[in-house]
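Subject: Structure handover

Hello,

I am handing this structure over to you, and the sequence and model are shown below. My notes on what was found follow after them.

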Amino acid sequence: MGKIIFIEPKSPNLHIFSGYSLPRLGCILLGTIAEKNGWDVSVYIEEQHEIDWDDIASADIVGISTITSTAPRAYAIADQVRRMQIPVIMGGPHVTFLPEEALQHCDYLMRGEGEIAFPLFLKALENEYGMEDVPNLAYHVDETIRYNDTAEACTALDTLPYPDFSLVKGKPLVIAGHTVIPVQTSRGCPYDCSFCSVTGMFGRRFRRRSTENVLGELRQYNQKDKFLFIYDDNFAANPKSTNELLDSMIEEQFKFKWSAQVRADLARDTALVKKMKKAGCHTVFIGFETVNPESLKSIKKKESVDDLGNAAMTFRKAGINVHGMFILGLDDDNMDAVKETVKFAKRYRLSSAQFLILAPLPGTRCYQELAAQGRIAFTDWSLYDAHHVVFHPKHLTLADLQRAQIKAHKQFYSLKESVRRLVHQCWVDIGIAYYARHLNSNWKKRNKPYLKLLELLRPNKEAEILADFKQRISLENRVAVGNHKH
(Lines give C-alpha, C1' and ligand atoms only; values in the text may rest on other atoms or scores of the structure.)
Protein backbone atom coordinates (compact mmCIF):
# COMPACT_ATOMS: atom_id res chain seq x y z
CA MET A 1 0.00 0.00 0.00
CA GLY A 2 1.13 3.55 -0.57
CA LYS A 3 -0.03 7.06 -1.37
CA ILE A 4 -1.80 7.97 -4.58
CA ILE A 5 -2.83 11.46 -5.65
CA PHE A 6 -5.38 12.12 -8.39
CA ILE A 7 -5.45 15.36 -10.37
CA GLU A 8 -8.13 16.80 -12.64
CA PRO A 9 -6.37 19.66 -14.50
CA LYS A 10 -7.98 23.03 -14.96
CA SER A 11 -9.12 24.45 -18.27
CA PRO A 12 -6.60 26.84 -19.86
CA ASN A 13 -9.22 29.40 -20.83
CA LEU A 14 -12.56 30.85 -19.79
CA HIS A 15 -15.51 28.66 -20.72
CA ILE A 16 -19.26 28.53 -20.21
CA PHE A 17 -18.99 26.91 -16.77
CA SER A 18 -15.87 28.72 -15.50
CA GLY A 19 -17.84 30.13 -12.59
CA TYR A 20 -19.51 26.83 -11.82
CA SER A 21 -16.67 24.32 -11.70
CA LEU A 22 -18.09 20.92 -10.84
CA PRO A 23 -15.69 17.95 -10.74
CA ARG A 24 -16.06 15.00 -13.03
CA LEU A 25 -16.52 11.77 -11.12
CA GLY A 26 -13.68 9.70 -12.60
CA CYS A 27 -10.87 10.70 -10.24
CA ILE A 28 -13.15 10.71 -7.20
CA LEU A 29 -14.57 7.27 -7.90
CA LEU A 30 -11.15 5.72 -8.58
CA GLY A 31 -9.85 7.45 -5.48
CA THR A 32 -12.65 5.91 -3.45
CA ILE A 33 -11.78 2.48 -4.83
CA ALA A 34 -8.09 3.00 -4.03
CA GLU A 35 -8.92 4.07 -0.49
CA LYS A 36 -11.02 0.95 0.03
CA ASN A 37 -7.98 -1.04 -1.12
CA GLY A 38 -5.89 0.48 1.67
CA TRP A 39 -4.21 3.35 -0.15
CA ASP A 40 -3.75 6.88 1.20
CA VAL A 41 -5.69 9.03 -1.28
CA SER A 42 -6.06 12.71 -2.14
CA VAL A 43 -7.86 14.30 -5.09
CA TYR A 44 -7.05 17.72 -6.54
CA ILE A 45 -9.72 19.33 -8.73
CA GLU A 46 -7.52 22.14 -10.00
CA GLU A 47 -10.44 24.46 -10.80
CA GLN A 48 -11.26 24.38 -7.09
CA HIS A 49 -7.90 23.99 -5.36
CA GLU A 50 -4.30 24.73 -6.33
CA ILE A 51 -1.99 21.73 -6.48
CA ASP A 52 0.27 21.37 -3.42
CA TRP A 53 3.56 20.24 -4.92
CA ASP A 54 5.01 19.33 -1.53
CA ASP A 55 2.09 16.93 -1.19
CA ILE A 56 2.78 15.58 -4.68
CA ALA A 57 6.37 14.89 -3.66
CA SER A 58 5.17 12.46 -0.99
CA ALA A 59 3.09 10.38 -3.44
CA ASP A 60 4.05 6.93 -4.69
CA ILE A 61 2.07 7.44 -7.89
CA VAL A 62 -0.02 10.21 -9.43
CA GLY A 63 -3.16 9.70 -11.53
CA ILE A 64 -4.23 12.40 -14.00
CA SER A 65 -7.56 12.51 -15.83
CA THR A 66 -7.98 14.72 -18.87
CA ILE A 67 -10.42 15.75 -21.54
CA THR A 68 -9.18 17.24 -24.81
CA SER A 69 -9.08 20.92 -23.81
CA THR A 70 -7.14 20.21 -20.60
CA ALA A 71 -4.64 17.84 -22.24
CA PRO A 72 -1.77 20.38 -22.57
CA ARG A 73 -2.11 21.25 -18.90
CA ALA A 74 -2.34 17.56 -17.98
CA TYR A 75 0.83 16.81 -19.94
CA ALA A 76 2.68 19.71 -18.28
CA ILE A 77 1.72 18.41 -14.84
CA ALA A 78 2.65 14.85 -15.78
CA ASP A 79 6.06 15.94 -17.07
CA GLN A 80 6.81 17.77 -13.82
CA VAL A 81 5.70 14.83 -11.68
CA ARG A 82 7.93 12.45 -13.63
CA ARG A 83 10.87 14.84 -13.20
CA MET A 84 10.27 14.27 -9.49
CA GLN A 85 10.83 10.55 -10.13
CA ILE A 86 7.18 9.72 -9.41
CA PRO A 87 5.32 7.46 -11.89
CA VAL A 88 2.20 8.79 -13.60
CA ILE A 89 -0.91 7.00 -14.85
CA MET A 90 -3.32 8.90 -17.10
CA GLY A 91 -6.92 8.30 -18.09
CA GLY A 92 -9.93 10.01 -19.59
CA PRO A 93 -11.45 10.33 -23.07
CA HIS A 94 -8.66 12.28 -24.74
CA VAL A 95 -5.84 9.90 -23.87
CA THR A 96 -8.07 6.89 -24.51
CA PHE A 97 -8.28 7.94 -28.16
CA LEU A 98 -4.70 9.24 -28.46
CA PRO A 99 -2.64 6.81 -26.35
CA GLU A 100 0.64 7.23 -28.23
CA GLU A 101 0.55 10.99 -27.66
CA ALA A 102 -0.23 10.55 -23.97
CA LEU A 103 2.45 7.94 -23.36
CA GLN A 104 5.06 10.54 -24.23
CA HIS A 105 4.15 12.11 -20.90
CA CYS A 106 3.16 9.24 -18.61
CA ASP A 107 4.27 5.77 -17.54
CA TYR A 108 0.88 4.05 -17.70
CA LEU A 109 -2.37 4.72 -19.50
CA MET A 110 -5.82 3.40 -18.57
CA ARG A 111 -8.07 3.37 -21.64
CA GLY A 112 -11.86 3.63 -21.33
CA GLU A 113 -13.56 2.90 -18.03
CA GLY A 114 -11.18 2.12 -15.21
CA GLU A 115 -13.24 0.84 -12.30
CA ILE A 116 -12.67 -2.87 -13.09
CA ALA A 117 -9.04 -2.56 -14.17
CA PHE A 118 -7.79 -0.03 -11.64
CA PRO A 119 -7.85 -2.28 -8.54
CA LEU A 120 -5.84 -4.85 -10.54
CA PHE A 121 -3.38 -2.11 -11.49
CA LEU A 122 -2.91 -1.26 -7.80
CA LYS A 123 -2.20 -4.92 -7.07
CA ALA A 124 0.31 -4.95 -9.92
CA LEU A 125 2.09 -2.00 -8.32
CA GLU A 126 2.32 -4.08 -5.15
CA ASN A 127 3.72 -6.99 -7.19
CA GLU A 128 0.64 -9.09 -6.45
CA TYR A 129 -0.48 -9.10 -10.07
CA GLY A 130 1.24 -8.86 -13.44
CA MET A 131 1.01 -5.62 -15.41
CA GLU A 132 0.48 -7.68 -18.55
CA ASP A 133 -2.77 -8.99 -17.06
CA VAL A 134 -4.30 -5.59 -16.23
CA PRO A 135 -7.07 -4.95 -18.80
CA ASN A 136 -7.27 -1.60 -20.60
CA LEU A 137 -3.68 -0.77 -19.62
CA ALA A 138 -1.09 0.59 -22.04
CA TYR A 139 2.54 1.12 -21.04
CA HIS A 140 6.12 1.12 -22.27
CA VAL A 141 8.03 -2.11 -22.68
CA ASP A 142 11.57 -1.19 -23.72
CA GLU A 143 11.16 0.90 -26.89
CA THR A 144 7.63 -0.19 -27.69
CA ILE A 145 4.15 0.35 -26.29
CA ARG A 146 2.24 -2.63 -24.98
CA TYR A 147 -1.55 -2.54 -25.25
CA ASN A 148 -3.27 -5.03 -22.99
CA ASP A 149 -6.63 -6.43 -23.98
CA THR A 150 -9.62 -4.29 -23.11
CA ALA A 151 -12.25 -5.55 -20.69
CA GLU A 152 -15.97 -5.24 -21.24
CA ALA A 153 -17.45 -2.12 -19.70
CA CYS A 154 -18.74 -2.50 -16.16
CA THR A 155 -22.34 -3.69 -16.29
CA ALA A 156 -22.77 -4.27 -12.54
CA LEU A 157 -22.75 -0.58 -11.63
CA ASP A 158 -24.23 -1.40 -8.21
CA THR A 159 -20.88 -2.97 -7.25
CA LEU A 160 -19.16 0.41 -7.47
CA PRO A 161 -18.83 2.44 -4.26
CA TYR A 162 -20.51 5.80 -3.74
CA PRO A 163 -17.98 8.57 -4.55
CA ASP A 164 -16.26 9.84 -1.38
CA PHE A 165 -16.10 13.62 -1.82
CA SER A 166 -14.13 14.02 1.42
CA LEU A 167 -11.07 12.94 -0.59
CA VAL A 168 -11.26 16.16 -2.63
CA LYS A 169 -9.06 19.04 -1.51
CA GLY A 170 -10.79 22.38 -1.08
CA LYS A 171 -14.40 23.40 -0.77
CA PRO A 172 -17.30 22.09 -2.89
CA LEU A 173 -19.19 24.26 -5.35
CA VAL A 174 -21.89 26.35 -3.66
CA ILE A 175 -24.50 28.25 -5.67
CA ALA A 176 -27.09 30.46 -3.98
CA GLY A 177 -26.44 28.74 -0.67
CA HIS A 178 -26.78 25.24 -2.11
CA THR A 179 -23.92 22.75 -2.21
CA VAL A 180 -23.87 21.19 -5.68
CA ILE A 181 -23.15 17.46 -5.78
CA PRO A 182 -22.63 15.38 -8.95
CA VAL A 183 -24.40 12.02 -9.16
CA GLN A 184 -24.39 9.44 -11.94
CA THR A 185 -27.18 6.88 -12.22
CA SER A 186 -26.32 5.39 -15.65
CA ARG A 187 -23.70 5.09 -18.36
CA GLY A 188 -23.75 4.78 -22.11
CA CYS A 189 -26.12 6.18 -24.68
CA PRO A 190 -28.13 4.20 -27.27
CA TYR A 191 -27.76 7.06 -29.76
CA ASP A 192 -24.63 7.81 -31.75
CA CYS A 193 -24.44 11.52 -32.59
CA SER A 194 -21.46 12.19 -34.86
CA PHE A 195 -19.97 14.96 -32.71
CA CYS A 196 -20.21 13.14 -29.36
CA SER A 197 -17.39 11.19 -27.69
CA VAL A 198 -19.67 9.50 -25.14
CA THR A 199 -20.33 6.37 -27.17
CA GLY A 200 -16.64 5.98 -27.96
CA MET A 201 -15.79 6.18 -24.28
CA PHE A 202 -18.75 4.45 -22.64
CA GLY A 203 -20.41 2.59 -25.50
CA ARG A 204 -23.95 2.55 -26.88
CA ARG A 205 -25.11 -0.08 -24.41
CA PHE A 206 -27.18 1.73 -21.79
CA ARG A 207 -26.38 0.60 -18.25
CA ARG A 208 -28.27 1.79 -15.20
CA ARG A 209 -27.81 1.38 -11.48
CA SER A 210 -30.69 -0.22 -9.60
CA THR A 211 -33.24 2.11 -8.07
CA GLU A 212 -32.40 1.00 -4.53
CA ASN A 213 -28.68 1.55 -5.12
CA VAL A 214 -29.30 5.09 -6.38
CA LEU A 215 -31.65 5.85 -3.49
CA GLY A 216 -28.96 4.76 -1.04
CA GLU A 217 -26.66 7.45 -2.43
CA LEU A 218 -29.38 10.10 -2.63
CA ARG A 219 -30.33 9.60 1.02
CA GLN A 220 -26.87 10.89 1.98
CA TYR A 221 -27.81 14.30 0.56
CA ASN A 222 -31.41 14.65 1.75
CA GLN A 223 -31.13 18.28 2.84
CA LYS A 224 -32.62 21.51 1.52
CA ASP A 225 -29.19 23.10 1.13
CA LYS A 226 -28.08 20.43 -1.35
CA PHE A 227 -28.53 20.53 -5.12
CA LEU A 228 -27.80 17.43 -7.19
CA PHE A 229 -26.55 17.49 -10.76
CA ILE A 230 -27.22 14.15 -12.42
CA TYR A 231 -24.33 13.52 -14.79
CA ASP A 232 -26.04 10.90 -16.97
CA ASP A 233 -25.59 11.73 -20.63
CA ASN A 234 -29.21 10.73 -21.18
CA PHE A 235 -31.10 10.54 -17.88
CA ALA A 236 -34.30 9.09 -19.35
CA ALA A 237 -32.83 6.73 -21.96
CA ASN A 238 -34.81 3.90 -20.35
CA PRO A 239 -38.26 5.35 -19.53
CA LYS A 240 -39.32 2.31 -17.50
CA SER A 241 -36.42 2.50 -15.06
CA THR A 242 -36.62 6.30 -15.01
CA ASN A 243 -40.27 6.13 -13.97
CA GLU A 244 -39.39 3.63 -11.27
CA LEU A 245 -36.65 5.89 -9.89
CA LEU A 246 -38.87 8.99 -9.97
CA ASP A 247 -41.70 7.15 -8.19
CA SER A 248 -39.29 6.15 -5.43
CA MET A 249 -37.88 9.67 -5.15
CA ILE A 250 -41.40 11.05 -4.77
CA GLU A 251 -42.19 8.44 -2.13
CA GLU A 252 -38.98 9.33 -0.24
CA GLN A 253 -39.97 13.02 -0.29
CA PHE A 254 -36.41 14.17 -0.82
CA LYS A 255 -35.76 17.77 0.21
CA PHE A 256 -33.11 18.60 -2.39
CA LYS A 257 -33.65 19.89 -5.93
CA TRP A 258 -31.86 18.41 -8.89
CA SER A 259 -31.09 18.80 -12.59
CA ALA A 260 -30.38 16.34 -15.39
CA GLN A 261 -29.42 16.07 -19.05
CA VAL A 262 -32.21 14.80 -21.31
CA ARG A 263 -33.10 14.58 -24.98
CA ALA A 264 -35.79 16.81 -26.43
CA ASP A 265 -37.94 13.88 -27.50
CA LEU A 266 -38.48 12.98 -23.83
CA ALA A 267 -41.10 15.75 -23.76
CA ARG A 268 -43.43 13.56 -25.84
CA ASP A 269 -44.07 11.74 -22.56
CA THR A 270 -45.81 14.54 -20.66
CA ALA A 271 -46.61 12.25 -17.73
CA LEU A 272 -42.92 11.58 -17.22
CA VAL A 273 -42.13 15.29 -17.41
CA LYS A 274 -44.71 16.05 -14.71
CA LYS A 275 -43.29 13.25 -12.59
CA MET A 276 -39.81 14.76 -12.89
CA LYS A 277 -41.16 18.04 -11.54
CA LYS A 278 -42.91 16.30 -8.67
CA ALA A 279 -39.68 14.46 -7.81
CA GLY A 280 -37.85 17.78 -7.43
CA CYS A 281 -36.40 18.45 -10.89
CA HIS A 282 -35.37 22.11 -11.11
CA THR A 283 -33.63 22.31 -14.50
CA VAL A 284 -33.11 20.12 -17.55
CA PHE A 285 -30.11 20.47 -19.86
CA ILE A 286 -31.26 19.71 -23.39
CA GLY A 287 -28.95 19.25 -26.35
CA PHE A 288 -31.08 20.98 -28.96
CA GLU A 289 -27.90 21.32 -31.06
CA THR A 290 -29.50 23.04 -34.08
CA VAL A 291 -32.84 24.14 -35.51
CA ASN A 292 -31.66 23.39 -39.05
CA PRO A 293 -33.50 20.19 -40.16
CA GLU A 294 -30.67 19.21 -42.50
CA SER A 295 -28.12 19.57 -39.74
CA LEU A 296 -30.19 17.46 -37.37
CA LYS A 297 -30.14 14.70 -39.97
CA SER A 298 -26.44 15.01 -40.71
CA ILE A 299 -25.40 14.61 -37.06
CA LYS A 300 -27.81 11.66 -36.68
CA LYS A 301 -29.71 13.33 -33.83
CA LYS A 302 -32.90 11.42 -34.67
CA GLU A 303 -35.11 14.32 -33.58
CA SER A 304 -37.16 16.89 -35.48
CA VAL A 305 -37.36 20.65 -35.08
CA ASP A 306 -40.92 20.11 -33.81
CA ASP A 307 -39.47 17.92 -31.05
CA LEU A 308 -37.21 20.76 -30.00
CA GLY A 309 -40.00 23.33 -29.77
CA ASN A 310 -42.32 20.90 -28.02
CA ALA A 311 -39.64 20.15 -25.42
CA ALA A 312 -39.05 23.82 -24.64
CA MET A 313 -42.80 24.42 -24.15
CA THR A 314 -43.57 21.20 -22.27
CA PHE A 315 -40.83 21.53 -19.67
CA ARG A 316 -41.53 25.23 -19.14
CA LYS A 317 -45.25 24.50 -18.74
CA ALA A 318 -44.38 21.88 -16.12
CA GLY A 319 -42.39 24.47 -14.16
CA ILE A 320 -38.96 23.07 -15.04
CA ASN A 321 -36.22 25.44 -16.22
CA VAL A 322 -34.64 24.66 -19.58
CA HIS A 323 -30.95 25.15 -20.36
CA GLY A 324 -30.56 24.86 -24.12
CA MET A 325 -27.31 23.58 -25.61
CA PHE A 326 -26.63 24.51 -29.24
CA ILE A 327 -23.84 23.76 -31.73
CA LEU A 328 -22.77 26.34 -34.30
CA GLY A 329 -20.78 25.55 -37.43
CA LEU A 330 -22.27 22.26 -38.62
CA ASP A 331 -21.71 21.57 -42.33
CA ASP A 332 -25.26 22.44 -43.37
CA ASP A 333 -25.25 25.68 -41.38
CA ASN A 334 -24.74 29.19 -42.68
CA MET A 335 -25.24 32.57 -41.00
CA ASP A 336 -29.01 32.33 -41.43
CA ALA A 337 -29.00 29.06 -39.48
CA VAL A 338 -27.13 30.74 -36.64
CA LYS A 339 -29.68 33.57 -36.55
CA GLU A 340 -32.57 31.10 -36.51
CA THR A 341 -30.95 29.25 -33.62
CA VAL A 342 -30.81 32.40 -31.49
CA LYS A 343 -34.38 33.28 -32.46
CA PHE A 344 -35.50 29.84 -31.34
CA ALA A 345 -33.85 30.22 -27.93
CA LYS A 346 -35.50 33.61 -27.41
CA ARG A 347 -38.89 32.61 -28.84
CA TYR A 348 -39.25 29.67 -26.48
CA ARG A 349 -37.96 31.68 -23.52
CA LEU A 350 -35.24 29.25 -22.50
CA SER A 351 -34.00 29.93 -18.99
CA SER A 352 -30.42 29.85 -20.22
CA ALA A 353 -28.53 28.75 -23.30
CA GLN A 354 -25.06 27.99 -24.54
CA PHE A 355 -24.13 28.59 -28.16
CA LEU A 356 -20.91 26.68 -28.64
CA ILE A 357 -18.80 26.05 -31.70
CA LEU A 358 -18.53 22.52 -33.03
CA ALA A 359 -15.48 20.91 -31.42
CA PRO A 360 -14.17 17.94 -33.43
CA LEU A 361 -12.94 15.89 -30.48
CA PRO A 362 -10.59 12.96 -31.08
CA GLY A 363 -12.53 9.73 -30.93
CA THR A 364 -15.59 11.14 -32.71
CA ARG A 365 -16.76 10.52 -36.26
CA CYS A 366 -16.76 14.30 -36.71
CA TYR A 367 -13.02 14.53 -36.01
CA GLN A 368 -12.21 11.65 -38.35
CA GLU A 369 -14.17 13.18 -41.20
CA LEU A 370 -12.77 16.70 -40.83
CA ALA A 371 -9.22 15.39 -40.48
CA ALA A 372 -9.62 13.25 -43.60
CA GLN A 373 -10.86 16.31 -45.49
CA GLY A 374 -7.90 18.41 -44.31
CA ARG A 375 -10.21 20.85 -42.54
CA ILE A 376 -8.60 20.87 -39.10
CA ALA A 377 -7.17 24.39 -38.69
CA PHE A 378 -5.56 24.15 -35.24
CA THR A 379 -4.21 21.16 -33.35
CA ASP A 380 -3.48 22.93 -30.09
CA TRP A 381 -5.80 20.93 -27.82
CA SER A 382 -6.23 23.83 -25.40
CA LEU A 383 -8.43 25.47 -28.06
CA TYR A 384 -10.80 22.48 -28.19
CA ASP A 385 -13.22 23.88 -25.62
CA ALA A 386 -16.08 24.72 -28.04
CA HIS A 387 -15.37 28.43 -27.57
CA HIS A 388 -12.73 28.57 -30.32
CA VAL A 389 -13.05 27.75 -34.01
CA VAL A 390 -10.52 24.98 -34.69
CA PHE A 391 -11.71 23.74 -38.09
CA HIS A 392 -12.64 25.25 -41.44
CA PRO A 393 -16.46 25.56 -41.65
CA LYS A 394 -18.12 24.76 -44.98
CA HIS A 395 -20.21 27.89 -45.45
CA LEU A 396 -18.55 30.40 -43.10
CA THR A 397 -15.05 31.73 -42.60
CA LEU A 398 -13.23 31.03 -39.36
CA ALA A 399 -13.74 34.64 -38.27
CA ASP A 400 -17.43 34.67 -39.24
CA LEU A 401 -18.19 31.60 -37.15
CA GLN A 402 -16.29 32.95 -34.16
CA ARG A 403 -18.10 36.30 -34.37
CA ALA A 404 -21.43 34.48 -34.70
CA GLN A 405 -20.78 32.55 -31.49
CA ILE A 406 -19.92 35.70 -29.54
CA LYS A 407 -22.89 37.58 -30.99
CA ALA A 408 -25.30 34.73 -30.20
CA HIS A 409 -24.52 34.94 -26.49
CA LYS A 410 -24.63 38.73 -26.61
CA GLN A 411 -28.10 38.73 -28.16
CA PHE A 412 -29.59 36.03 -25.96
CA TYR A 413 -28.25 37.56 -22.75
CA SER A 414 -28.82 41.21 -23.74
CA LEU A 415 -30.10 43.81 -21.31
CA LYS A 416 -33.34 43.86 -23.30
CA GLU A 417 -33.82 40.16 -22.66
CA SER A 418 -32.98 40.67 -18.98
CA VAL A 419 -35.75 43.27 -18.72
CA ARG A 420 -38.17 40.72 -20.16
CA ARG A 421 -37.02 38.21 -17.55
CA LEU A 422 -37.48 40.88 -14.88
CA VAL A 423 -41.09 41.41 -15.97
CA HIS A 424 -41.69 37.69 -15.60
CA GLN A 425 -39.76 37.65 -12.28
CA CYS A 426 -37.28 35.09 -13.55
CA TRP A 427 -34.69 35.95 -10.92
CA VAL A 428 -32.40 32.97 -11.54
CA ASP A 429 -32.41 33.70 -15.28
CA ILE A 430 -31.42 37.33 -14.61
CA GLY A 431 -28.48 36.20 -12.50
CA ILE A 432 -27.34 33.78 -15.21
CA ALA A 433 -27.64 36.51 -17.85
CA TYR A 434 -25.41 38.85 -15.83
CA TYR A 435 -22.84 36.07 -15.42
CA ALA A 436 -22.96 35.25 -19.16
CA ARG A 437 -22.50 38.89 -20.26
CA HIS A 438 -19.54 39.26 -17.90
CA LEU A 439 -17.99 36.01 -19.14
CA ASN A 440 -18.47 36.96 -22.80
CA SER A 441 -16.76 40.30 -22.25
CA ASN A 442 -13.82 38.82 -20.36
CA TRP A 443 -13.40 36.04 -22.93
CA LYS A 444 -13.04 38.58 -25.74
CA LYS A 445 -10.42 40.53 -23.79
CA ARG A 446 -8.40 37.43 -22.95
CA ASN A 447 -8.53 36.12 -26.52
CA LYS A 448 -7.65 39.28 -28.44
CA PRO A 449 -4.59 37.72 -30.17
CA TYR A 450 -6.65 34.74 -31.27
CA LEU A 451 -9.51 36.90 -32.57
CA LYS A 452 -7.04 39.10 -34.43
CA LEU A 453 -5.51 36.02 -36.01
CA LEU A 454 -8.86 34.91 -37.39
CA GLU A 455 -9.41 38.33 -38.95
CA LEU A 456 -5.96 38.32 -40.54
CA LEU A 457 -6.08 34.80 -41.97
CA ARG A 458 -5.81 34.79 -45.73
CA PRO A 459 -5.13 31.75 -47.95
CA ASN A 460 -1.73 32.99 -49.10
CA LYS A 461 -0.66 33.88 -45.57
CA GLU A 462 -2.31 31.03 -43.73
CA ALA A 463 0.68 28.71 -43.29
CA GLU A 464 2.95 31.49 -42.06
CA ILE A 465 0.42 32.94 -39.62
CA LEU A 466 -0.67 29.55 -38.29
CA ALA A 467 2.93 28.58 -37.54
CA ASP A 468 3.49 31.85 -35.68
CA PHE A 469 0.24 31.53 -33.76
CA LYS A 470 0.93 27.93 -32.79
CA GLN A 471 4.24 28.99 -31.26
CA ARG A 472 2.65 31.92 -29.41
CA ILE A 473 -0.33 29.98 -28.06
CA SER A 474 1.99 27.18 -26.94
CA LEU A 475 4.02 29.67 -24.92
CA GLU A 476 0.89 31.22 -23.40
CA ASN A 477 -0.53 27.87 -22.35
CA ARG A 478 2.74 26.45 -21.02
CA VAL A 479 2.23 26.05 -17.32
CA ALA A 480 4.87 27.21 -14.91
CA VAL A 481 4.74 24.51 -12.28
CA GLY A 482 7.89 25.77 -10.60
CA ASN A 483 11.38 24.49 -10.15
CA HIS A 484 11.45 21.99 -7.33
CA LYS A 485 14.29 20.24 -5.66
CA HIS A 486 12.29 17.02 -5.37
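Phe 229 has Ser 259, in β13, as its bridge partner. Strands here are DSSP runs of E with at least two residues, helices are runs of H or I with at least four, and both are numbered from the N terminus. Before going further: this is a predicted model, in which local features need pLDDT of at least 70, side-chain atom pairs count only at pLDDT 80 or more, and totals for chains, interfaces and linings use all residues. Residues are numbered from 1 along each chain as its sequence is written, and side-chain values use heavy atoms, with hydrogens and water left out.

Strand β12 (residues 226-230) runs parallel to β13 and is joined to it by 4 bridges; two strands pair if DSSP finds at least two bridges between them. Leu 228 stands opposite Trp 258 in β13. β12 also pairs in the parallel sense with strand β9 (residues 178-183), over 5 bridges, and there Ile 181 stands opposite Leu 228.

How many residues of β12 are buried? The count is 5 of the 5, so the strand is largely enclosed by the rest of the structure. Buried means under 20% relative accessible area, exposed means over 50%, and partly exposed lies in between (1.4 Å probe, protein chains only). Lys 226, Leu 228 and Ile 230 cover one side of β12, while Phe 227 and Phe 229 are on the other. In a regular strand the side chains alternate between the two faces of the sheet.

These strands belong to an open sheet of 7 strands with mixed pairing, in the order β8-β9-β12-β13-β14-β15-β16. The edges are β8 (174-175) and β16 (352-357); each has a single partner strand, so one side of each has no neighbour in the sheet.

**Helices by this sheet**

α13 lies across β14, β15 and β16 and runs at about 180° to β15. Helix α15 (residues 398-412) also packs on the sheet, touching β15 and β16, and its direction makes about 175° with that of β16. Contact means heavy atoms within 4.5 Å. Angles run from 0 to 180 degrees between N-to-C directions, and axes are lines fitted to C-alpha atoms, for helices over the stretch in contact.

The 15 residues of α15 should span 21 Å at 1.5 Å a residue, and its end C-alpha atoms are 22 Å apart, which agrees. The expected span is 1.5 Å times one less than the number of residues. Among the buried residues of α15 are Leu 398, Gln 402, His 409 and Phe 412.

Helix α12 (residues 305-317) has 13 residues and reaches 19 Å from its first C-alpha to its last, close to the 18 Å expected. Its buried residues include Asp 307, Leu 308, Thr 314 and Phe 315. The buried residues of α12 pack against β13 (257-262), α10, β14 (281-289), α11 (293-298), β15 (321-328) and α13 (335-347). Just after α12, Gly 319 takes a positive phi of about 85°.

Helix α9 (residues 239-252) and helix α10 (residues 270-278) pack at an angle of about 35°, with their axes 9 Å apart. From α9, the contact is made by Thr 242, Asn 243, Leu 246, Asp 247 and Ile 250, and from α10 by Leu 272, Lys 275, Met 276 and Lys 278.

**The β2 to β7 sheet**

Another open sheet has 7 strands in the order β2-β1-β3-β4-β5-β6-β7, again with mixed pairing. β2 (40-45) and β7 (144-147) stand at its edges, each with a single partner strand, so one side of each is left without a neighbour in the sheet. Helix α1 (residues 26-36) packs on this sheet, touching β1 (3-8), β2 and β3, and its direction makes about 170° with that of β1. Helix α3 (residues 71-83) lies across β1, β3 and β4, running at about 165° to β4.

Strand β3 (residues 61-65) runs parallel to β4, and 4 bridges join them. Gly 63 stands opposite Ile 89 in β4, and the bridge partner of Ser 65 is Gly 91. From strand β4 (residues 88-91), Val 88 and Met 90 point one way and Ile 89 and Gly 91 the other way, and all are buried.

**His 105**

Where does His 105 lie? It is in the loop between α5 (99-102) and β5 (108-110). His 105 is buried, with a relative accessible area of 17%. Leaving aside its neighbours within four places in sequence, His 105 is in contact with Tyr 75, Ala 78, Asp 79 and Arg 82. The C-alpha atoms of His 105 and Ile 89 are separated by 9.4 Å, and the two residues are 16 residues apart along the chain.

Regards
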